[in-house]
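Trainee: I'd like a close look at one part of this model. Could you take me to the metal site and then show me what is built around it?

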Amino acid sequence: MENEINYPHIRDYLFDVTKHREPLLVEMEEYAINNHIPVIQRESSRLLRVLCTLARPRRILEVGTAIGYSAIILASEMGTQGVVDTIEIDEDRVQEANRYIERSGIKTTIRVIHGDAAEVLQCLTTPYDMIFLDAAKGQYMEFLPHCLRLLNPGGVLVSDNILYRGMVAKEGFIEHKHRTIATRLKAYIDALMSDDNLLTSIIPIGDGMAVSIKK
Ligand code: SAH
Ligand code: MG
């Protein structure tokens, strides 16, 4: 049970029933596993699709592109008029993401922005209808004011890895190397839950996702 936020049999079952239909996503999932790239869990990606379809965003901002897996998933649920801006700090990953995006044949515009989100976010001014926060868990608190500023009323903020392998909810000893992140994520969850302008639900799927609507 260590490092799991769910019972293994439930996790495995959800994993089984959320298989991708698209060969490219199957390939990317395999590539991510083999190369230790922390892309969104398959069962969480299904929730992301549902949220995207519900919210009908025209503009999405993603923080943390990796190889473009979740960006392609989000874009595939948007119309051709849609725009996904996605920020990635690692240059090699930016290139990989662009290669996969090219191969996906997706007509929705996906713009991979190379840079540190802490800096890029400060430069963004055009609002978004949906924001997917999935990078640098220790900095979510720092990113939050920008997310709130950039989110249209009625827009949805999805924060991934919010339960951090269960360590956020763990009582007692947490290994030193994880302690700071667990503490910061707890503070982030408190900030989401106590913000009167947000309506937030925390879902124990994958590594934990917070879904917040800006009122
Ligand atoms: N959203 C992706 C997975 C992202 S993994 C998916 O589900 O497919 C997190 C990514 O964030 C990593 O590729 C990492 O390089 C990047 N990252 C970490 N810190 C960052 C920062 N400060 N700014 C931008 N990207 C960052
Ligand atoms: Mg994630």
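Mentor: The magnesium ion (ligand 2) has D134 (OD), D160 (OD) and N161 (OD1) as its protein donors, lying 2.1 to 2.2 Å from it. Donors here are N, O and S atoms within 2.8 Å of the metal (3.2 Å for Na, K and Ca), and since water is not among the atoms, sites may look incomplete. Along the chain the donors follow the spacing D-x25-D-N. D134 sits in the loop between β4 and α7, while N161 is in the loop between β5 and α8, 27 residues apart, so this pair links distant parts of the chain.

Before we go on, some housekeeping. This is a predicted model: local features need pLDDT of at least 70, side-chain atom pairs count only at pLDDT 80 or more, and totals for chains, interfaces and linings use all residues. Residues are numbered from 1 along each chain as its sequence is written, chains are lettered from A and ligands numbered from 1 in the order in which they are written, and side-chain values use heavy atoms, with hydrogens and water left out.

Now the sheet. Seven strands make an open, mixed sheet in the order β3-β2-β1-β4-β5-β7-β6. Helices (H or I, at least four residues) and strands (E, at least two) are DSSP runs, numbered from the N terminus, and two strands pair if DSSP finds at least two bridges between them. β3 (109-114) and β6 (198-203) are at the edges with a single partner strand each, so one side of each has no neighbour in the sheet. Look at β1 (residues 59-63) and β4 (residues 128-133): they run parallel, joined by four bridges. One bridge partner to find is L133 in β4, which goes with V63.

Next, the helices. Helix α7 (residues 140-150) lies across β1, β4, β5 (151-160), β6 and β7 (209-214), at about 155° to β5. Helix α8 (residues 176-194) packs on the sheet too, touching β4, β5, β6 and β7. Contact means heavy atoms within 4.5 Å. The axes of α7 and α8 come within 9 Å and cross at roughly 25°; axes are lines fitted to C-alpha atoms, for helices over the stretch in contact, and angles run from 0 to 180 degrees between N-to-C directions. That makes α7 and α8 roughly parallel, a label for angles under 35 degrees. Where they touch, Y140, M141 and L144 in α7 meet L185, A187, Y188, A191 and L192 in α8.

How values were computed. Parallel < 35°, antiparallel > 145°, perpendicular 65-115°, else oblique.
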